[in-house]
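Then step back to see how the chains are arranged.

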There are 6 protein chains.
Amino acid sequence: MSHLAIYPGSFDPPTNGHLDVVDRALNLFDGVIVAVASNEAKHPLFSTEERLGLLHTVLQGRPRIRITAFDGLLVDFARQQGASAVIRGLRAVSDFEFEFQMALMNRKLEPDIETIFLMPKEEYTYLSSRIIKEIARLGGAIGAFVPPCVADALRSKSSQPVTNA
Amino acid sequence: MSHLAIYPGSFDPPTNGHLDVVDRALNLFDGVIVAVASNEAKHPLFSTEERLGLLHTVLQGRPRIRITAFDGLLVDFARQQGASAVIRGLRAVSDFEFEFQMALMNRKLEPDIETIFLMPKEEYTYLSSRIIKEIARLGGAIGAFVPPCVADALRSKSSQPVTNA
Amino acid sequence: MSHLAIYPGSFDPPTNGHLDVVDRALNLFDGVIVAVASNEAKHPLFSTEERLGLLHTVLQGRPRIRITAFDGLLVDFARQQGASAVIRGLRAVSDFEFEFQMALMNRKLEPDIETIFLMPKEEYTYLSSRIIKEIARLGGAIGAFVPPCVADALRSKSSQPVTNA
Amino acid sequence: MSHLAIYPGSFDPPTNGHLDVVDRALNLFDGVIVAVASNEAKHPLFSTEERLGLLHTVLQGRPRIRITAFDGLLVDFARQQGASAVIRGLRAVSDFEFEFQMALMNRKLEPDIETIFLMPKEEYTYLSSRIIKEIARLGGAIGAFVPPCVADALRSKSSQPVTNA
Amino acid sequence: MSHLAIYPGSFDPPTNGHLDVVDRALNLFDGVIVAVASNEAKHPLFSTEERLGLLHTVLQGRPRIRITAFDGLLVDFARQQGASAVIRGLRAVSDFEFEFQMALMNRKLEPDIETIFLMPKEEYTYLSSRIIKEIARLGGAIGAFVPPCVADALRSKSSQPVTNA
Amino acid sequence: MSHLAIYPGSFDPPTNGHLDVVDRALNLFDGVIVAVASNEAKHPLFSTEERLGLLHTVLQGRPRIRITAFDGLLVDFARQQGASAVIRGLRAVSDFEFEFQMALMNRKLEPDIETIFLMPKEEYTYLSSRIIKEIARLGGAIGAFVPPCVADALRSKSSQPVTNA
């Protein structure tokens, strides 16, 4: 059987924890689609194009990966792509409950697509895009948490004047 | 004894999970007040009047129910109405902690009103007004999660241009 | 409507937290059955008869209460007694999950009996029969956690030589 | 790629929830090994042979499955079998934490085997072998929770005199 | 050894729960720095100056305390101050996970500063600045939850017209 | 001020996670008492004497430590020793709730002794004496989780015939 998995997220920006999950998914599936949820309504720090660009840079050289954006329902997109699984990383109990609600809802909307949960390295337990953006904003060192090009991009954003809340 | 319970919420919009809790409360109490928290500061998708209208439609025919709005403290409203209990549905651990904090606070403010927790059907575990609004916004099918008039109202809202964040 | 609730438990032994839940249930229901699960397989510290005796002593004077033992399925017993609700006290997240599993199972076995969850006083959050037995065994003061007759009974047990594990 | 997954458990006895997880695993992997942990030290209700027999009966006709017992370390067994993944079903937050500790430990012992978590149908959220054995012991109806041959086997066990704790 | 601890927070406004944690920290450390995170981006109800003023009033008379504001990374500030520990109060499971993520991140940024968790009185379990602001806004009595000068300040704020969301 | 902390536990056997907590406590307190709860009723794998011996070996060279056994109430022992704090390591949400119940109970029994929670290294999140004993029993490699002398002691125990359950 040929199995394709989809790994959706905001990736605003991608972290080392995301990359760890991508590599675990590649060990289990024949192909992995990294799918950037545009989420423009949530005012992401990086535009969809910037996030796609960062992912292309940090994932280059990895085989069997496709990187793309989507903006409708995840299950509709997964079905169009022929994916049989949705990959989610689980770090903590609070993740778990929200992820379970989403996975049950997605199963109701499309029973043939299975959500599977992977566990990132325990050293990435405390990583989240939100915390990393906060540390970068406050001038902290983020080199241990994100790939170099993401660290550069975060520093550029942080040095720009903020024009909206 | 005659016991009156109050079931407060935003109901933005009402879901099948809310209706399930109302029916369970009606089996336990002589009367149930469904109380819409106006919450205008939270920018609800539906106005208080719209939410009251939807509740009147979906609950019509059920006996011993009153539907009303309130905008002060819940416990003050409950006392004015002569209610001896506040009903809350519990779906998940994350619900549980927030609900417990609110219930303890309400008990401190008004010791004579008891908060009781009911468990909706397990198939409604993953239902929340927030997730349903998101699915409707993305064009997903919501007919399994809300009564028909709510589905219609959500579709109308989703096809309107968004004018604020 | 006349509503009868059943409050099941091991009550090995009854604590101030149990009494608090009984009083809350009495404010909501026309009658409350305090039902001692025999649980002989779990080697309780107090025999079923001792637990019934302690409950009769500590609850005497309270109206509309019946105290009894049962040893089959809770839902069968509740149906025989004509109860419409099962009362459970919730103290903590770990309680919550186990209680939810039991309540969902009981609903599957008997859909007409509703489980309702009440919240004891926050000062009883840390009370459990198990912890109190442990403190009594180690010679600690338990007067703040259980009624006087239970404290006496625990002291008697603790001074007896232990003959089984 | 050909991917083999191992689904370990006590299966004492197998439930409808276990079968649901097996079917989900079969949709994702080329083969699934259902691996019965002997766990004789835990005094299972059914012997290893009985559990293997029940699994053979309830899973017969499903393709690409092997059923076997093991009694050493799970990761050693998985490596011997050439499995790249360990499958675990997640039902609740309390599951989650224990499962995470085990999965992190297994990763430390054998980094090349990935633990993946699947979510059973929400109607199986409240199912556990332990609760089903308890209901059977108390004479409750278990036909909705386990396959017919397991229900028969449980009834046979429950009617036997208990000879050990 | 001389040990200095830092107790950071928004303190928007300070509650009786905060004071309880301060007193516990003073019993353990030679000095305690109460550090107000400016958090202007979060639109606090009280300005940094107002929060500092309220803390000076409610903590006056307590020895070995310093009250100050900071707006960069907590660990940088702690190091500058010579603190060996960061104090956090833990009330609930949801607190716990977020606090753990922050503490692990802070340890990564600065391994020599230890985060220690203290437990406020159980009667403060349900207290949070957010809930208290909400009750004050709705006209509820808050005298049991905050010191008198904070109650006065909240009443003043609540009677002002709201000019932003 | 001179502050003495007590770090109680079963230490059956001591793990690298325990040592990590001891070192964190030594950075915060002037002295640390490592207190072995005898817990003979729980049938520990190692006798109290063996556990004391292992702790003496693994902690030798560390200053300001005392290692001792106790078998009454923890708070009585702490008061006799003049300790102002009890140290507990927190790894997970399930730890958290049980530990909170114990800490609240201990505060009730002895208000002057504060329980403080420390967080071990995230790589020790999955370590528990129970899991390590299980791995050793199954013949797995435990050298990464416990000090060498504990690994040796576990191997000796595992090669002995088991004579009780």
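In chain F, helix α2(F) meets helix α6(F) through Glu50(F), Leu54(F), Thr57(F) and Val58(F) on one side and Cys149(F), Val150(F), Ala153(F) and Lys157(F) on the other. Contact means heavy atoms within 4.5 Å. Helices are DSSP runs (H or I, at least four residues), numbered from the N terminus. By class, this contact has 5 nonpolar, 1 polar and 2 charged residues. Here Ala, Val, Leu, Ile, Met, Phe, Trp, Tyr, Cys and Pro count as nonpolar, Asp, Glu, Lys and Arg as charged, and the others, Gly among them, as polar.

How do the two helices cross? The axes of α2(F) (residues 48-59) and α6(F) (residues 148-159) come within 10 Å and cross at roughly 150°. Therefore α2(F) is roughly antiparallel to α6(F), a label for angles over 145 degrees. Axes are lines fitted to C-alpha atoms over the stretch in contact, and angles run from 0 to 180 degrees between N-to-C directions.

This is a predicted model: local features need pLDDT of at least 70, side-chain atom pairs count only at pLDDT 80 or more, and totals for chains, interfaces and linings use all residues. Residues are numbered from 1 along each chain, chains are lettered from A, and side-chain values leave out hydrogens and water. The pLDDT is the predictor's confidence in each residue, from 0 to 100. Chain A averages 90.

Now compare copies. A rotation of 180° with 0.0 Å of shift along its axis superposes chain D on chain A. The two copies are thus related as by a two-fold rotation axis. In chain D, Phe117(D) has the C-alpha nearest the axis, 2.5 Å from it. Superposition is by least squares on C-alpha atoms of residues with pLDDT of at least 70 in both.

Key
Angles under 35 degrees count as roughly parallel, over 145 as roughly antiparallel, 65 to 115 as roughly perpendicular and the rest as oblique.
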